[in-house]
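User: Hi! Could you walk me through this one? I'd like to chat about the rings and the helices.

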Amino acid sequence: MSQNIHTDRILILDFGAQYTQLIARRVREIGVYCEIYPWDVTTDEVADFGAKGIILSGGPESTIGDDAPDAPNIVFELGIPVLGICYGMQTMASQLGGKVENADHHEYGYAQVRARGHTRLFKDIEDEVNEQGHGLLDVWMSHGDRVEAMPDGFKLMGSTDNAPIAAMADENKQFYGIQFHPEVTHTKQGKRIIERFVAEICGCKALWTAQNIIDENLEIIKEQVGSDEVILGLSGGVDSSIVAAMLHQAIGKQLTCVFVDTGLLRYHEGDQVMATFAEHMGVKVIRINAEERFLSALAGETDPEAKRKII
């Protein structure tokens, strides 16, 4: 394929949240490549990553403390969209001139956010509408601090009874902060919110798909191998089986697999390996019957670690 599937990419800065991996999963489910970096990443690393957008995760710390983790300033200087989630919203507010304080009432669990300000991130995304016609979102909260004053240029994007500033936006700079967690399934519209940010606001295309990953790796294999021959140790496990299948698809008869039957596989598993690759897929597989050699070497040995080393 001619297009680099890693060109459209999102950088996630991790502030120690228990849900950071879920953020990455949601982005990848959209079909967009992303990576997680620690919050104290260097300025050069952020710039060199070449992200189309940055997500600031939640975290267990408080922005009020003297040693509070900060996002690198370059995050807000690159001219790309930024989404702050929970602590990410709080550090965005604090670093850009807003005010964060410890809330009298901490929110843990279900909450209902009233959408405000007609922002691009929340536009037409709602779970229900109240009697006044305001859009409402069912979300999951987990925070003790809250934003008390927004930085200059931001407008209110959402509120709850306990968090008057539950979401904020600077649409000119495409900076968005949400106090709730869109990455968890308890936030019913969370996937749509993340997709809105990644696909529409950041402009990322769904290039990082399973088929595109396969196609890209097939091209890489063909380029690296050229006209050479390849030999592969095939155990029948997931890893070597996938490599064998991809190599066969890429270079065909240039591949020779060697399957060593140790006699330690499950009943008829060796035959199944041969049937799958040699008979059904047409892969050239050399089967070596080494059962007697392995069992003789293991005879009398009872220590599991010693057995592992012998094998």
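This is a predicted model: local features need pLDDT of at least 70, side-chain atom pairs count only at pLDDT 80 or more; totals for chains, interfaces and linings use all residues.

User: How many aromatic pairs does a search of the whole structure find?

Analyst: The search finds six aromatic pairs. One of them is formed by phenylalanine 15 and tryptophan 39, which are stacked at 6.5 Å centre to centre with 15° between the planes.

User: Where in the chain do those two sit?

Analyst: They link distant parts of the chain, 24 residues apart. Phenylalanine 15 is in the loop between strand 1 (9-14) and helix 1 (20-30), while tryptophan 39 is in the loop between strand 2 (33-38) and helix 2 (43-49).

User: Which residues do ring pairs link into a cluster?

Analyst: Phe15, Trp39 and Tyr87 are linked that way.

User: Nice. Why is the pair of phenylalanine 76 and phenylalanine 175 edge-to-face?

Analyst: Their planes are at 75°, and over 60 degrees counts as edge-to-face. The ring centres of phenylalanine 76 and phenylalanine 175 are 5.7 Å apart.

User: Which parts of the chain does that pair link?

Analyst: Distant ones: phenylalanine 76 is in the loop between strand 3 (53-56) and strand 4 (82-85), and phenylalanine 175 is in strand 10 (residues 175-178), 99 residues apart. Phenylalanine 76 is buried, with a relative accessible area of 13%, and phenylalanine 175 counts as buried too, at 3% relative accessibility.

User: Switching to charges: what sits over the ring of phenylalanine 49?

Analyst: The charged end of arginine 9 does, 4.5 Å from the ring centre.

User: OK, helices now. At what angle do helix 5 and helix 6 pack?

Analyst: About 65°, with the axes 9 Å apart. Helix 5 covers residues 210-225 and helix 6 covers residues 238-251. Helix 5 and helix 6 are therefore roughly perpendicular to each other.

User: Is their crossing left-handed or right-handed?

Analyst: The crossing of helix 5 and helix 6 is right-handed.

User: Last one, zooming out: which domains does the assignment give?

Analyst: Domain 1 spans 9-201 and domain 2 spans 210-310. The C-alpha centres of domain 1 and domain 2 lie 46 Å apart.

How values were computed:
Residues are numbered from 1 along each chain as its sequence is written. Side-chain values use heavy atoms; hydrogens and water are left out. Domain bounds come from an automatic or database domain assignment. Rings of Phe, Tyr and Trp (its six-membered ring) pair if their centres lie within 6.5 Å; planes under 30 degrees apart count as stacked, over 60 as edge-to-face and the rest as tilted. Helices (H or I, at least four residues) and strands (E, at least two) are DSSP runs, numbered from the N terminus. Buried means under 20% relative accessible area, exposed over 50%, partly exposed in between (1.4 Å probe, protein chains only). A charge sits over a ring if NZ of Lys or CZ of Arg is within 6 Å of the ring centre and within 35 degrees of the ring normal. Axes are lines fitted to C-alpha atoms, for helices over the stretch in contact, and angles run from 0 to 180 degrees between N-to-C directions. Angles under 35 degrees count as roughly parallel, over 145 as roughly antiparallel, 65 to 115 as roughly perpendicular and the rest as oblique. A crossing is left-handed if the near helix is turned anticlockwise from the far one by less than a right angle, and right-handed if clockwise.
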